Amino acid sequence: MRTPDTPDRVVHPFPGRAPSPRATRVGPRIRKIPRRFTSAEAALKVGVSVPVGTRWFRHAGGMPPISLAEPSGRYLSFEEREEIALLRAKDVGVREIARRIGRDPGTIARELRRNTATRSGKQEYRALVAQWKAQQAAKRPKAARLVTNDRLREYVQDRLAGNVRRPDGSVVVGPEPLAWKGRNKPHRQDRRWSTAWSPEQISHRLEIDFPDDESMRISHEAIYQSLFIQGRGALKRELVTWLRTGRALRRPRARAQNRPHGHVTADVVFSERPAEAADRAVPGHWEGDPIIGTGRSAIGTIVERKSRSTLLVHLPRLEGYGEIPPVKNGPALGGYGAVAMNAALIATMTKLPEQLRKTLTWDRGKELSAHVQFALETGTKVFFADPHSPWQRPTNENTNGLLRQYFPKGTDLSRWPAEDLEAVALALNNRPRKALDWKTPAEVFAEQLRSLQQPGVATTG
C-alpha cells in the first residue's frame, strides 16, 4: 500500500515487534565465527550472554537465520543505515551522505523516502526501523513449495517417516519411543523405526520417480530448512527425529575410536588386502563390525563395498546368560563372543554365491579372533583395519551410523528377532544412495547376481 503524497513509500502492516537493536547489530557477526565454537562460546565472542546466544542458536535450528544473512554489495547493510541515521541527525545533505559512505545519491534518496519511520507522527530516519522495513519488503510473496504442493509434501513426509515393512509388506511396529520434547538428540533411548530417507536421497529420487513432472522437485536444503528453521515450510518440527542423527540442531558428528588388539597377524593387516577391494570395481568385498547395545547385546553388520548392500547378523544371547556367573576366559554368553560371532557369520556368508564373498575387512575387535576358521569355512579372506582408522572401513562405518537410527546406543539389541532385523536391512537396502547414482543397494546387488548368470544361487533379497 502506498500513500498518495509519497508514492514510493510502502506502508507495511505491523507483523509484530521489530528485532532488538542488539540482535540486529550482533546477528551478522555470528555468521563470521568459525563453526568450531559452541553456541555458548560464540555468544561470548560477540558480546551477548550465553542464554541469549543459545536461544538464537536453537531458534535457528543450528543454521544461519535468513534474517541474519549478510546483504550483497547491492543492498545497504545495517552499519550503513546507522551511518545514514547519524549523518541525517546532523542535517547532512543527501549528496554528502552518499559521498561519505560511497553510495549513489539516488540510493540514499530512495532509502530515506521508503524506510523512514512515521509512527511517531513525524518522519524520522532510524537505522533499526529502516532495517526492519527493508527486510519486510525483501520477503518473497510466494509460499514455500512444500506448503502449496500437497503431493510433494506427502512424498517427502512418507520417505522421512514411513513405516518399516517386511518383504511381504506387513508393518514392523518396532519400539515404543518416548514423547519428543524438542531436545537436540535422543540419547540412549528408543526411537521410532521409519523409512528414514535423507533429504538428499529424497531430492534426487524425485527426478527418477517423476522424470516428467517438474512440480515434483525440491532441493535437499529446502527440506532441511523446513525441518530445522521454525516457521519455514510445512513440515512439522518433530520430523527431525526421523533424520538419521535425530538431532534438532545441525552439529558435526564425533569421530568413533577403535581399540587395537593383539590377535591380528602380519598376513591379515589392512595393507595386505588386495588392491581390487579398494576401488570398488569388483563385487564381493565386504566390511563388517558389530553394533553394541546394553547388557552385552549386539547385532552384526556386514556391508558389500560395491553395492552398499547390508546384511544384519542375528546374535542372540547364549543359554545360561544371566544365570551362570561370568568366568574369566570362559565362554562369552552375551551373543557376540568369538564362537557365537564365528558361527553366525559363517551361516550368513555361506548363503551368498562364492563369487560374492572374496574378502571381509573387520575392525580389530576380538569377536573375530577365530578368523582362520571363518576363512576356511567360507572361503572369505579376513583383513583387519589399522588401529584408530575407521576410515579404512568407510562403508561399514556409514552403515552403522544409519542403523543407529533403528538401534540407538543404550538399548537392548537382543530383543529383536531375526525377522525384524531382516525388515530393517530391507528398508536400508531400498533407500537410494548418492554414491550409486540414486539407485538402491538392492537394485545394484540384484544386478551383480544377474551378472553371475548362476540360476538357483541363494540371494539375500
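1. Let me start with a pair in helix 5: Arg99 and Glu96 sit three residues apart there, so about one helical turn separates them. (Helices here are DSSP runs of H or I with at least four residues, strands are runs of E with at least two, and both are numbered from the N terminus.) The two side chains form a salt bridge, with the closest N and O atoms 2.4 Å apart; the term means a side-chain nitrogen of Lys or Arg within 4 Å of a carboxyl oxygen of Asp or Glu. An α-helix has 3.6 residues a turn, so residues three or four places apart point the same way.

2. A word on what you're looking at: this is a predicted model, where local features need pLDDT of at least 70 and side-chain atom pairs count only at pLDDT 80 or more, while totals for chains, interfaces and linings use all residues. Residues are numbered from 1 along each chain as its sequence is written, and side-chain values use heavy atoms, with hydrogens and water left out.

3. The cut-offs are under 20% relative accessible area for buried, over 50% for exposed, and partly exposed in between, with a 1.4 Å probe and protein chains only.

4. For the overall picture, the protein chain has 16 helices and five strands. Of its 461 residues, 43% count as buried. The chain exposes about 25,000 Å², and carbon and sulfur atoms supply 51% of that; these areas come from the Shrake-Rupley method with a 1.4 Å probe, and for residues only the protein chains shown count as cover. Take the contacts (heavy atoms within 4.5 Å) with a separation of 6 or more: residues 24 or more positions apart account for 65% of them.

5. Now back to salt bridges, of which the structure holds 19. One of them joins Glu80 to Arg103, with the closest N and O atoms 3.1 Å apart. This pair links distant parts of the chain, since Glu80 is in helix 4 (residues 78-89) and Arg103 is in the loop between helix 5 and helix 6, 23 residues apart. Both Glu80 and Arg103 are buried.

6. Another salt bridge runs between Arg153 and Asp150, with 2.7 Å between the closest N and O atoms. Both residues belong to helix 9 and are three residues apart, about one turn of the helix. Arg153 counts as buried at 19% relative accessibility, while Asp150 counts as partly exposed at 42%. Elsewhere, salt bridges with shared partners tie Glu96, Arg99 and Arg100 into one network.

7. Helix 5 (residues 94-101) and helix 6 (residues 105-115) pack at an angle of about 115°, with their axes 8 Å apart. Axes are lines fitted to C-alpha atoms, for helices over the stretch in contact, and angles run from 0 to 180 degrees between N-to-C directions. On the helix 5 side, Val94, Arg95, Ile97, Ala98 and Ile101 meet Pro105, Ile108, Ala109 and Leu112 of helix 6. The residues of this contact split into eight nonpolar, no polar and one charged.

8. Which residues of helix 11 are buried? In this helix (residues 220-228), they are Ile223, Gln225, Ser226, Leu227 and Phe228. Their cover includes helix 8 (145-148), helix 9 (150-161) and helix 10 (199-209).

9. In the strand region, check Thr310, which is found in strand 3 (residues 310-315). Thr310 is buried, with a relative accessible area of 1%.

10. Finally, two backbone angles to look at. Arg308 has a phi near 65°, a positive value in a residue other than glycine; Arg308 is placed in the loop between strand 2 (298-304) and strand 3 and counts as buried at 16% relative accessibility. His388 also has a positive phi, near 55°, and is likewise a residue other than glycine. His388 lies in the loop between strand 5 (381-384) and helix 14 (394-403), and at 43% relative accessibility counts as partly exposed.

Methods:
Ala, Val, Leu, Ile, Met, Phe, Trp, Tyr, Cys and Pro count as nonpolar, Asp, Glu, Lys and Arg as charged, and the others, Gly among them, as polar.
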